[in-house]
Amino acid sequence: MKENTEDAVLIANSGSLNGQQWIIDKNLVIGRDADCDIVIPDRQVSRHHARIVYSGNGILIEDLGSKNGTYLNNQIVTEPSKLIEADEITIAFTQTFLFLSTDATLPLSDLPAEISRMFTLRLDEGSRRVWIRGEELDPPLSNQQFILLQYLYDRTGEVVAREELINAVWEEDSRWVTEQAFDALVRRLRERLNQLDPEYDYIVTVRGHGLRFQNESH
């Protein structure tokens, strides 16, 4: 069964790259050479040191015959190893990365503060909890607000028509929903999100087309 690898992220949480992050949507080569996807400017790091392997069966870490080793949770990597939530990758004891995946079960509130603040907005479908830049939205969103947010969140970057959103939120009752009711729901949701991040618009109106959710670092 193909795993969902969308939005998996690698975060540098020590070393010269501290604070940088990379979305894993392809193979990523880590090393000292300038042609690497992630360049670590340290002589202890091999020119092509390690590789993040992106595949339908998950995401793996692979050492590329480096001189000073690649470590996964303090264990040396001798063969491609599958990454799971909150795994720590260390390159030649000079640079550490944290791996976070889409099927995360670790709440952002349990991550180190300097890591959780890097995120913009993240939600957990099972618990219906929402975090914005590492801080949990409290009180929780209403049922309709969460459904609308999740529908947009799952289609980040896409313009979604109003009619599609109304159907997603109200389902069989959607034919009775007025434009004013939908606009009021969107306004309330925006107000809730702006409680924790007042300078950023997560929900953008594309006039004549619908709404687009954006969730970029800022």
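Predicted model: local features only at pLDDT ≥ 70, side-chain atom pairs only at ≥ 80, totals over all residues.
Local features need pLDDT of at least 70, side-chain atom pairs count only at pLDDT 80 or more, and totals for chains, interfaces and linings use all residues. Residues are numbered from 1 along each chain, and side-chain values use heavy atoms, without hydrogens and water.

**Sheet and helices**

Strands pair if DSSP finds at least two bridges between them. Strands are DSSP runs of E, at least two residues; helices are runs of H or I, at least four. β16 pairs with β17 (residues 210–213) over 4 bridges. V204 has R212 in β17 as its bridge partner.

Against α4 (residues 179–196), α2 packs at about 85 degrees, with the axes 10 Å apart. That makes the two helices roughly perpendicular (65 to 115 degrees). Axes are lines fitted to C-alpha atoms, for helices over the stretch in contact; angles run from 0 to 180 degrees between N-to-C directions.

**Aromatic pairs**

The whole structure holds 5 aromatic pairs. Ring centres must lie within 6.5 Å, and planes over 60 degrees apart count as edge-to-face. Two of the pairs are tabulated here.

| Pair | Centre to centre | Plane angle | Type |
|---|---|---|---|
| W22 and F97 | 5.8 Å | 70 degrees | edge-to-face |
| Y200 and Y202 | 4.7 Å | 80 degrees | edge-to-face |

W22 is in β2 and F97 in β11, so their pair ties together parts 75 residues apart in sequence. F97 is buried at 0% relative accessible area (buried is under 20%, with a 1.4 Å probe and protein chains only). Y200 and Y202 are both buried.

Definitions and conventions
Parallel < 35°, antiparallel > 145°, perpendicular 65-115°, else oblique. Phe/Tyr/Trp six-rings, centres within 6.5 Å; stacked < 30°, edge-to-face > 60°. Buried < 20%, exposed > 50% of the residue type's maximum accessible area, 1.4 Å probe, protein only.
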